Every structure is written in structure tokens, then in C-alpha cells.
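Reader: I want to learn how to read a model like this one, feature by feature. Please show me the chain first.

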Amino acid sequence: MRDRHPGAGGARTGREPVAGERTTLRAVAVLSVPLMVAGLLPLLSTAVDLAVIGHHDATALAAVAVGGVVDVAASVLGAFLLGLRILLNRAAGAGDEEQTRRLAATGTAVALALSTGCAAVLAGGAPHVLEAVSGSEELAGEARGYLVLRALSLPFLAVTGIALAAASARRRTSVSLYAAALTTAVNLSLDWALVFGPGPFPAWGATGDGLATLIATAVTCAVIGRAHGGPLLARRGLVPDGGPLFLRRAPAPDGGPGKALTPDGGPQSSRKARTPDGSRTAGRSGPWWRSRLAAVSWPLVVSAVVDHATVLAWTALVARGGTVGLGAARIALEVHLIVFVLVSGLAGGALVLLGLLDGAADASRTREARRLLGLAHGALGLLLGALVTVVPGIARVFTSDPAVARATGPLLLLLGAACPVLAVAHYWIVRARVLLLTRAEMAINMACSVAVLLPGALCGHAVAGLPGAFAAFVAYWAARLLLTALAVRRHEGAAFPVGAGT
């Protein structure tokens, strides 16, 4: 974002701060809206997948459910790529060419190794486990084919994720939307044919669904990876032959090379480039497991695993209430996931913007962006809470059973109350990630899950049934908001003079 305060001596006129705010809000919208839509498209694809499989037969549907363990591996991979995004954004803001190259090379190697290792373990070992625990040879066969094909898609997801991380650091989050749209379109166009086998296609059931997903991820990897991530796989990392990826050059009057510009379009500072941790450019890095990328990423990976385990434990708890309660809980969790995806889209745009500004050490713009992003998260939370609470018939979209719909009503009211808290918590989580406080984030998430969510769900279920168990989610997000805000404030108070932060 270019500084629009051209007054003499740096003085601002009465209208210029408004223009600056509008510029920041426009940047937030441009960065966040594509991520919101990109997050919703996989949910649509999953829903259609389940509908197609569900109309094939019950065995195929059960096989897809059993093979869902691949989603955990994909979440682990996504958590690592999130750590890479955090550091790339800061390096982009600092204009540090050397650091971006190192991050690109390390991130690409680790992501490919991680995804290939997960794929090998899942494809090689899980089928044998399925045969032992499924109790049905037919179910084991369906689940084996689905799981192996889904596992083989992980390396393609890794390459695509690297390309999207590079595009986001260039403030091109719309590439994430293109990737999600392409994957969804290819997957949905192949699903019916490969599952049911009309015409020349064989009927492959769950295996066909897994094959459609594999083809879709491979096509997206080929298109997006080649168009936006090609330099990542080259020796020059993120820096193509034309020069630094994150620095543009103003044309010189004499036709010379010109003067380097920052990502916001202003002249590059004469100071040395800063690394993503705020220090001056360092020398050669050591092994990747001792690098800042590993230090930032592994807590995010652990936190993702904790999230999956916590939701699984919570679901097992409410399953004791019978099929009606379990069905209502599943619907409420699906609506919660939609809210989470929309808020995460805004948070993703905030992470890019604040990372760039922090890397550029632009204190005034950072304060302005923090204030506006806090307001934006709060407003989005209130809007989503109102929609979840007021819009009638949400439960009817997911079920035609009157008992399940009635049981879902109180859960949606609780979710509506939790939406503003969830949104503001994400704002503070973004600030923690920009400050590289991922270890603190992991510790807070684990503490809130173990000490608030699960005990609260257990006690709430015993006292008030399913609504009491779901109320624990409200308490979880409130506790996470409070503890994360305290951690960020404490870090800023220790790192900066009083009054330097917002």
C-alpha cells in the first residue's frame, strides 16, 4: 500500500487519514475475500462427494468415512505450510532476497519430504490396519483403494501449497481462489463418472471418488504450480531471473536499472534488509530442523493434531446421547466449520498484510492496520452470529428429521453467541503468529482444549445435555481469546517501549 500523506514536511491534512483507512480496508478486502471463498469451495466439494457416494451404496460411504484419516495428514501438511507463509510474508515485507530464497528452498524440500512420507505410511501401512479393524472384506477393499489414492494426492497438495504461499506473499491471494475453484471443478466433473461408471467408465465406488480427488489435485498442481510456483522449484528459489520477486524497480530517466521499490511501491530503505525475526540479514543457515521455519512450524503442526483429537473426543462424548443428539451435534459442527472457514479467510488476509508491514518495520501503518483489522473481525463475528441465530431453517438444510432439527436449534443459538468471540480470538491469533509466538499459541490451544473444552463438555453434558456440551465451545473460544491477547500484550510490552503497540 502506497503512503498517501504527501503534505509538506510529512504533515497530514484532515482528509488524508480517511484515505489511508480506506486504502487499508480495501487491502484487507482484496486479500481476505478470495481466501473466504476459497475456503468454502472445498466444503462444497466434500458435500457433493458425500452425496454422490451416499447414493452409490452404504459400503462406499463407510469406506470414505474410514479413509478420512488422510484429512489429518493434510491438516499436518497445511500447518507446516502456514508456518512457511508467516515467514515468507515477513521476508517479503523486508525485501530480503537472500532470506526468501532460503525459505523457499527449505520449505519446498521439507513439504515434499513430509507429504511423501505421509503418503508412503498411509498407502503402505493403513490398508493392513483396515483389514484388521473393519471386520468386512468388502469394506476393507473399498477403503483401501480410496485411502491409497487420497494419500498419493498429498505431494501434489504440497507443491500447490508452496505456490500459494509464494503468491500470498506477493499479495496475490486470489491465486488460492483459482486453485480451489479448479480443484472443485475437476473433482465434481469426474465424481459421478468414476463412482457410478456410466458409459465406458467402470463403477469404482469409493475408489473412483479417491481417483477423482487425485486427478483434481494433480491438475491443480500442474496449472497453479507451473504458473505461480515454478521459481520455487528452481535453484533461485523465489527469485526469478528477472530479479527479486518482492522488489520492483522504478525506471530510471536514462534507461538504467532504476531504483529498488518496496512491496508498497515506495523507495527501498538504505538500511540492511531485515530477516523475518526482525534481525539483520544473517549468514548461512544451519540444518532445517534448527531453522526458524522449523521453530515456527512444529507448534502449528502439534496444534492441528490437538484440534483433530479434541473434536474426536468431544464427538465421542456427545454420541452417548443417542442418534438424535449425535445428528444435531454433527449439523452444529458443520455450521461451526463454515463460520470458522469464513473467519479464517479474513484472518488469512490479515496475516499477509500484517506480516508484510511487520517485515517492512512500518510502525504507523501496522498500528492503523491492527485497529482496522480488529474492527473488521468483530464486525464479521457479529454478522455471522446474527445470521446463524436469526436465519430460520438452517437445520432443515441438513436434515428432514423434525427431532434432529429441534435438537439443533439450541446449539445454533449457542454458536451464534460464540461467533463474535471466535472472530476476535482469530484476530489475536493472527497477531501472535505475526510475532512468531506459535509455541505460545500451541500451549494456549492445548490448555484450553484439555482444561476448558473437554471438562466443560463433560460437565455440561451431565447437567444440561447436548446444549451444555456445546456451550463448552463458547468457553473454549473465550479462554483462547483472553490468553492469546495476554500473551501478545506481554510480548509487545517486553519487546517495545510502552505505547509502541496498539
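Reader: Is Val30 buried or exposed?

Author: Start with the cut-offs: buried means under 20% relative accessible area, exposed over 50%, and partly exposed in between, with a 1.4 Å probe and protein chains only. Val30 has a relative accessible area of 52%, so Val30 is exposed. This is a predicted model, where local features need pLDDT of at least 70, side-chain atom pairs count only at pLDDT 80 or more, and totals for chains, interfaces and linings use all residues. Residues are numbered from 1 along each chain as its sequence is written, and side-chain values use heavy atoms, with hydrogens and water left out.

Reader: Where is Val30 found?

Author: Elements come from DSSP runs: helices are H or I with at least four residues, strands are E with at least two, and both are numbered from the N terminus. Val30 is found in helix 1, residues 16-54. The C-alpha atoms of Val30 and Arg171 are separated by 8.7 Å, although the two are 141 residues apart along the chain.

Reader: What about the phi of Arg171?

Author: The general idea is that most residues other than glycine have a negative phi. Arg171 has a positive phi of about 65 degrees and is not a glycine. Arg171 lies in the loop between helix 6 (154-169) and helix 7 (174-196). Its relative accessibility is 33%, so Arg171 counts as partly exposed.

Reader: Which value does the phi of Ala361 take?

Author: The phi of Ala361 is near 55 degrees, a positive value in a residue other than glycine. Ala361 is found in the loop between helix 10 and helix 11 (363-390). Ala361 is partly exposed, because its relative accessible area is 46%.

Reader: Which residues make the contact?

Author: Contact means heavy atoms within 4.5 Å. Helix 6 contributes Leu164, Ala167 and Ser168, and helix 7 contributes Val175, Ser176 and Ala179. For classes, Ala, Val, Leu, Ile, Met, Phe, Trp, Tyr, Cys and Pro count as nonpolar, Asp, Glu, Lys and Arg as charged, and the others, Gly among them, as polar. The contact of helix 6 with helix 7 has 4 nonpolar, 2 polar and no charged residues.

Reader: What is Thr183 in contact with, leaving aside its neighbours within four places in sequence?

Author: Thr183 lies in helix 7. With those neighbours left aside, its contacts are Ala216 and Thr220. The C-alpha atoms of Thr183 and Val219 are separated by 7.6 Å, and these residues are 36 apart along the chain. Thr183 has a relative accessible area of 24%, so Thr183 is partly exposed.

Reader: How do helix 10 and helix 13 pack?

Author: Helix 10 (residues 323-359) and helix 13 (residues 402-434) pack at about 20 degrees, with their axes 8 Å apart. So helix 10 is roughly parallel to helix 13. Then read the handedness: a crossing is left-handed if the near helix is turned anticlockwise from the far one by less than a right angle, and right-handed if clockwise. Helix 10 passes helix 13 in a right-handed crossing. By class, their contact has 24 nonpolar, 6 polar and 3 charged residues.

Reader: Where is confidence lowest and where is it highest?

Author: pLDDT is the predictor's confidence in each residue, from 0 to 100. Strand 1 (residues 248-250) is lowest, at a mean of 37, and helix 14 (residues 438-464) is highest, at 94. The protein averages 78, and 77% of the residues score at least 70. Over residues 230-285 pLDDT stays under 50, and the model has 118 contacts beyond four places in sequence for them.

Reader: How many helices and strands are there?

Author: The protein has 15 helices and 2 strands. Of its 502 residues, 47% count as buried.

Terms used:
Axes are lines fitted to C-alpha atoms, for helices over the stretch in contact, and angles run from 0 to 180 degrees between N-to-C directions. Angles under 35 degrees count as roughly parallel, over 145 as roughly antiparallel, 65 to 115 as roughly perpendicular and the rest as oblique.
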